[in-house]
Amino acid sequence: MLLTFLILILGISNLVNSQIIFDNCPGDETINNTGSFPYPYTIPVITATYSNGMTADVQVTSSPAVIPGIVVNFGLGLVLNLQYTASATGETDVTCEFSVTFLDIGDPIVTEYPNDTTSDTDSGQPTALYNWTAPVATDNSGTVVIFYKTYGVTFSSPSYNFPIGGSVVTVNVSDLSGNSVSGTFTVTVKDNESPMIACPTNVTSNNYIGEGYGLVNVSTDIGSPNATVTWDPPVTSGNGTVTVVSSPYESGDMIPIGTHVITFTAIGSAGNNETCDFYIKVEDQEAPDIINCPIDMTVNTTSGEAFAINVTWVEPTATDNSGETLVPVADYTYGDNVFPIGNTTVQYNVSDSAGNFNGSCRFVVNVKDLETPSFNGTCPSSPLEVPTDPPPGNRPIGEMFATVSWTIPLATDNIGVVMVTNNSFPGSPVYFNISSNYDMNVTYVAQDAAGNVAICSFLVKVVDEEPPFFFECDNSTVYINNTHGENFAPYTWMEPRNSDNILVDAERSTPNFAPGQDFTIGENYIIYIIYDTSGNQNSCNFTILVVDIENPAIANCPNNTASITDNGKYYSNITWTPEPTATDNDDVVSFERTHNSGDLFYLGVTTVNYTAVDPSGNVAICLFNITLTDTESPTLDCVSNVTVYTDLNSATANISWPIPETTDNSRLEPTLTSNYEPYTLFNIGTTLVMYTSTDASDNEETCTFNVTVIDNEDPIFDCPDNIMTYTDESQYYSTVYWNVSVTDNSGNVTYNCTSESGDQFDAVWPIIQQNVSCMAQDPSGNDASCFFIVTVDDNENPNITCPSDFNVTTNNGRPTAWIQWDVEYTDNTKSLYNLSLTGSGSNYNPSGENFPIGITTLEYTATDVFGNSDNCTFIVIIRDIEKPMLNCPDSIVNVTLIGEAYGIANWVEPDITDNSGIIHVNMSNYFSGDRFYPGNTTVYYFAEDPYGNSVNCTFIVTIFDVEIPIFDPCPSNIEVNTDTRLPHAVVNWNISVYDNVGVFELDSNYAPFDTFNITVTEVKYVATDSEGNEAECTFNITVTDTEPPEYIGCPPNIIVMVPVGMSNISVTWIEPAATDNAGVYNVTSTHRPGNTFEIGTFTVTYTTFDTAGLNTTCVFEVTVQDTEDPVFINCPNSPIEVVTDEGFAYANVSWDDPQPMDNSGMLTVTQVNYPGDSFYVGTHSVNITAEDEDGNIGICTFLIIVKGNILLLCTCCVNKDEAYCSLNNLL
């Protein structure tokens, strides 16, 4: 903009009435100047003349005196008043007056207005004081006046307190003449300062618990899952209007169970916000309720178990103020449980998620055992058939009795305790009795502890399963040769003897062959079969094998024959005569041959085989050879000459050709050999290939052809790729290496290059490329070239070194620290090019800077012209280690409020200061006026500045509790009977204790549902609160026994058999178990297991008394039976043969009278004949019978045969009647 000014020239011409006139009196003049000052003005030359045109003697003067025609410099705003006077002698002076005013009409010139800017509000203020640099302005007058205007306020200083938001500032620049120009700039003030907020301290609730370490504890409203909580509004401050928002709850809200962060957000007018949090923990201290608790129940044991499984009942439900879905949990699971016999208490407990517990639901499950024992299929099947015992020792024949064994039946019971009695034991001998259906009845009786009984009974039958026995039975095969020229041979042997443990049935035992018979060639089976009276059989087998040892005979076997193939053939017809024939002593089963006379025979040796075989496998063979020879050479069709080029990249050629065809009259493919094979590698040049064909008889044929290989392939360069490399370390050049190689299929080639590997190539900016070329030629004149480019770049980073990290503390009493440092840097190209240094560190003065508390990272980057760079970083850590100042009150002692579990403590809150002026954390676990519970409570104050420096102080609040606990009420004395079958009783009662602070410990010698023995027991409770205040409660529990003893497993009646030869037996049984709920005091019995019992029936009685004098008995019978028949000693051998007494028809026969014996010792003997009795001629049966008291009978039977002597016969024929004599003669 040009600076101008205006010159105003005012001129007034006043001509006096004179004869003198001015020629050129100007009027007033104003000069407007836009140029610079001072302004050059030429003083006008004013002339005057007479009115008649005469000029003589006219003098013109000026006031002030000026020199007309000269240039005078006038300043801005000057008014030049000039007066010219024209005079002449004798004339009145004439004046010419005018004024010249110099005005400036040029505006000032502004070359730079202030830029738009943005600033933050001043700390704690809603405004920002912004200073700016005045605009650069000039004016032709040399003087400018600058003033500013915003919000209607005009001011001249380049500084203003701007409100939040955008403010437009108008800049007016004027000169002294009032010429002016204007511009604007905008100052935007942002409010980035968050408001201050302090969380509420006064929090109240219907169920306030306490406060500590910033956490307010309250309990839920009665019957509700929420707590109604109120608090005072938070305290806020800021540089503008502050709005407070509470989240997620507001004062007076119902807050659910849990720990909640209440966030208060203070929002400034610019939207900046600050938050503070305090914590409310809503605790659920209300126990759940259990509904529909089951009543006591009685169930039976589960089948096969000593307990009841999966007992069911209607499960109780639970409700809770928290609204949770709660399921009471029992120590026994509904429908999935195991209860033992007797009474079991089931307790349901329920806890809510806050740990509030209710265990008041209890009921009794009484399990009874009504299940009988079981032998579980182990009772032997009836009848138990047992074979007679095997032979003892080395004896080949078994016993007539069986030692009966069986698996003792195992009785089990669901309760596991079973008493088993039996009338017989495994291992007893039982004799075979073919006339009876069974030989013994065995009974087992099982009884459990509850008196439930099971019986296992089975019959024992001894059976004879033993087959008869052969002596001298040789089961081997007897080999004999045929009689020469015959198809048989005779053989004789000793027949085997036999026996049986009972009796052999001789009538059914016959062999199929007799010794001495002729046996034909082959196997002849000899079988002896015997039976006993029980139908058991046995056999003795052996084989007579007649072996045919004579071979067949072959006649007319031909000799070996030799011949050659037919012309052009590989075979020939061969004949022989006469044909061989075969004969044998038994028979010729087959006569086979491999060839017939006149058959075709092929090259080589062929064996002709005639084979004759008889039925016994004896073989005769006729062998002779036919030899056929080939004398003809093979045929061979050769290949034409072959010419090819070398294979690619090879000095050879892989050449193939058709294999020459060759044939031979033998129809066998001849062997074809060659010095080269198809697909062989052939070198450059001509090679002779030869083929030879040889047949199986070594007859040969040959042929040849040439293979020529020509090289037409150029050499091949292994040319490097274009090389992009970098300068050598610390150098401005690169030593470049490469591998150039050339190959040729001929294997012989040379080459030359314009540069050699290892030459140095400079790095130049801008980067340039250099060419390298190579040429190669092989001996055949084939040539090749190679070309590549070498480009050198600098990739070596400069080396820059920063100082080590600074880790210092603030200067004493200040939030800053003064730091100085140096940075060193260099580069491999530093002699050629300059380095640039950039980074955040360049914004700081290394000669010294004040750094604030915290971590400041300074980064430097050195970059060369190739763009390589290196950087270094160091950290300036300024630490504030000064702790805040904090002083706590003295310790406080108080007592609980009457009827309450707490006391109140009040104190003056401590002051907190910090050298930084900022307290980041200020917290305490308690506040003045809080509730304190009995004991010592440490009140803790903690302050921390933003840099982790902290200080704390503590004092003790001691609250004493002087109130004792109260039993509400103490139970009365209790009298009960013992539980069924138990020596005690489970007794329940209710006990309740109240204390203002809660019972810290409730000790007792017994608890509800404990077991109490038969006596009077004192139960004592001592309630102690947390302060050691005690209260006692005592009452008596009397348990009476009204239940008599009982026997478990009282044996059933026992029936046993006396052992052979005995009149008594030791009988054992499992003694009954006498049980009593209170314990057995005395047990007596009339007999004991192992006592000896004579034959007969005896009553066994067990009597048991308990400690209360109650008794019970167990009675059963032991019956000893005798099943043993009496036996006779010295029963005469049968028969007794005598002759009639001389002269008589009878004989007086004497024998030793047999003596009957019986294990019982009591016999009745019945006898008709006695020693010395007379017996007539004939056979007489004498029977003596002995019977014991059990009806067992023993018999002694023998025959007496009375024969007449010769004299008697003769005499009787003369003297006796004929009939009588005839009878005697028969004898």
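Q: How many bridges join strand β9 to β10?
A: Happy to start here, keeping in mind that this is a predicted model. Strand β9 covers residues 79–88, and β10 covers residues 94–104. The two run antiparallel, with Leu82 standing opposite Phe98 in β10. The number of bridges joining them is eight.

Q: Which residue takes a positive phi in the hairpin of β9 and β10?
A: Let's look at the link itself: five residues lie between the strands of this hairpin. Among them is one with a phi near 80 degrees. That residue is Gly90.

Q: In β10, what is the bridge partner of Asn33?
A: Asn33 takes us to strand β4, residues 29–33. Five bridges join β4 to β10, and the two run parallel. In β10, the partner of Asn33 is Asp104.

Q: How many of the eleven residues of β10 are buried?
A: Buried here means under 20% relative accessible area. By that cut-off, strand β10 is mostly covered. The count of buried residues is nine.

Q: In β75, what is the bridge partner of Tyr726?
A: Strand β69 pairs with β75 (residues 783–793) in the parallel sense over four bridges. Within β75, the partner of Tyr726 is Asp793.

Definitions and conventions. Residues numbered from 1 in each chain as written. Predicted model: local features only at pLDDT ≥ 70, side-chain atom pairs only at ≥ 80, totals over all residues. Heavy atoms only, no water. Pairing = 2+ DSSP bridges. Buried < 20%, exposed > 50% of the residue type's maximum accessible area, 1.4 Å probe, protein only.
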